[in-house]
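The points are grouped by topic.

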Amino acid sequence: MSKPIYVLSGPNLNLLGVREPEIYGKETLEDVRTRCERRAGALGHAVVFRQSNHEGQLIDWVQEARTEACAVVINPAGYGHTSVALLDALKTLDIPVVECHLSNPAAREAFRRETYVSLVATGVVSGFGGASYELAVEAAAGLARQSQN
């Protein structure tokens, strides 16, 4: 089996299902994990699925992905709009990066319309609730396959 796809989630995503369900939906992060594992497995990949409310932890995982992953799916949450440090870590990757959002940031407050992560992401999937992660995993698997050829 090839290297896994790292699926990283930022702050407050541990509260999925209870935090603003009218925006983020009623699925829990565990539901999202199941979606990702099922989709990745169908595509021949394992998933390393992690969430942290701490910027430094996310950066450590991005750095780990440099050698351990075939691609990264990241929902940076609020750090997408604030973290130059996360951007700098992502810039070190030579594997595909897919940015993922449950909601459609372009349809929300102005400050959410741009992220630092988008500057280095191969692509962005947003606005499909929990399915955004599943679609992002599918895209990451396809991009990883292309980069191996």
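Helix α2 (residues 29-42) packs with helix α5 (residues 131-148) at an angle of about 25°, and their axes are 9 Å apart. The model is a predicted one.

**Packing of α2 with α5**
- Angles under 35 degrees count as roughly parallel, so α2 and α5 are roughly parallel to each other.
- The crossing in which α2 passes α5 is right-handed.
- On the α2 side the contact is made by V32, R35, C36, R39 and A40, and on the α5 side by A131, Y133, E134, V137 and E138.
- By class, the residues of this contact of α2 with α5 comprise six nonpolar and four charged, with no polar ones.

**A40, in α2**
- A40 has its place in helix α2 and is one of the α2 residues that make the contact with α5.
- The relative accessible area of A40 is 0%, so A40 is buried, the cut-off being under 20%.
- Apart from neighbours within four places in sequence, A40 is in contact with H45, A46, V47 and V137; among the residues that α5 brings to the helix contact is V137.
- A40 and S118 are 78 residues apart along the chain, and their C-alpha atoms are separated by 23 Å.

**S132, in α5**
- S132 belongs to helix α5.
- With a relative accessibility of 0%, S132 counts as buried.
- A polar atom of the S132 side chain lies 3.0 Å from the backbone nitrogen of F128.
- Not counting residues up to four places away in sequence, S132 touches C100, H101, L102, V125, S126 and G127.
- Of these, C100 and H101 fall within the residue range of strand β4, 97-101.

**E99, in β4**
- E99 is found in strand β4, which spans residues 97-101.
- E99 is buried, since its relative accessible area is 0% and the cut-off is under 20%.
- The side chains of E99 and T115 are joined by a polar contact of 2.7 Å.
- With residues up to four places away in sequence left out, E99 touches I74, P76, T115, V117, S118, A121, G123, V124 and V125.
- V125 is listed among the residues touched by E99 and also among those touched by S132.
- S118, touched by E99, is the residue whose C-alpha atom is separated by 23 Å from that of A40.

Conventions. Residues are numbered from 1 along each chain as its sequence is written. This is a predicted model: local features need pLDDT of at least 70, side-chain atom pairs count only at pLDDT 80 or more; totals for chains, interfaces and linings use all residues. Side-chain values use heavy atoms; hydrogens and water are left out. Helices (H or I, at least four residues) and strands (E, at least two) are DSSP runs, numbered from the N terminus. Buried means under 20% relative accessible area, exposed over 50%, partly exposed in between (1.4 Å probe, protein chains only). A polar contact is a pair of N or O atoms within 3.5 Å; within protein, one must be able to donate a hydrogen and the other to accept it, and residues adjacent in sequence count only if both atoms are side-chain atoms. Contact means heavy atoms within 4.5 Å. Axes are lines fitted to C-alpha atoms, for helices over the stretch in contact, and angles run from 0 to 180 degrees between N-to-C directions. Angles under 35 degrees count as roughly parallel, over 145 as roughly antiparallel, 65 to 115 as roughly perpendicular and the rest as oblique. A crossing is left-handed if the near helix is turned anticlockwise from the far one by less than a right angle, and right-handed if clockwise. Ala, Val, Leu, Ile, Met, Phe, Trp, Tyr, Cys and Pro count as nonpolar, Asp, Glu, Lys and Arg as charged, and the others, Gly among them, as polar.
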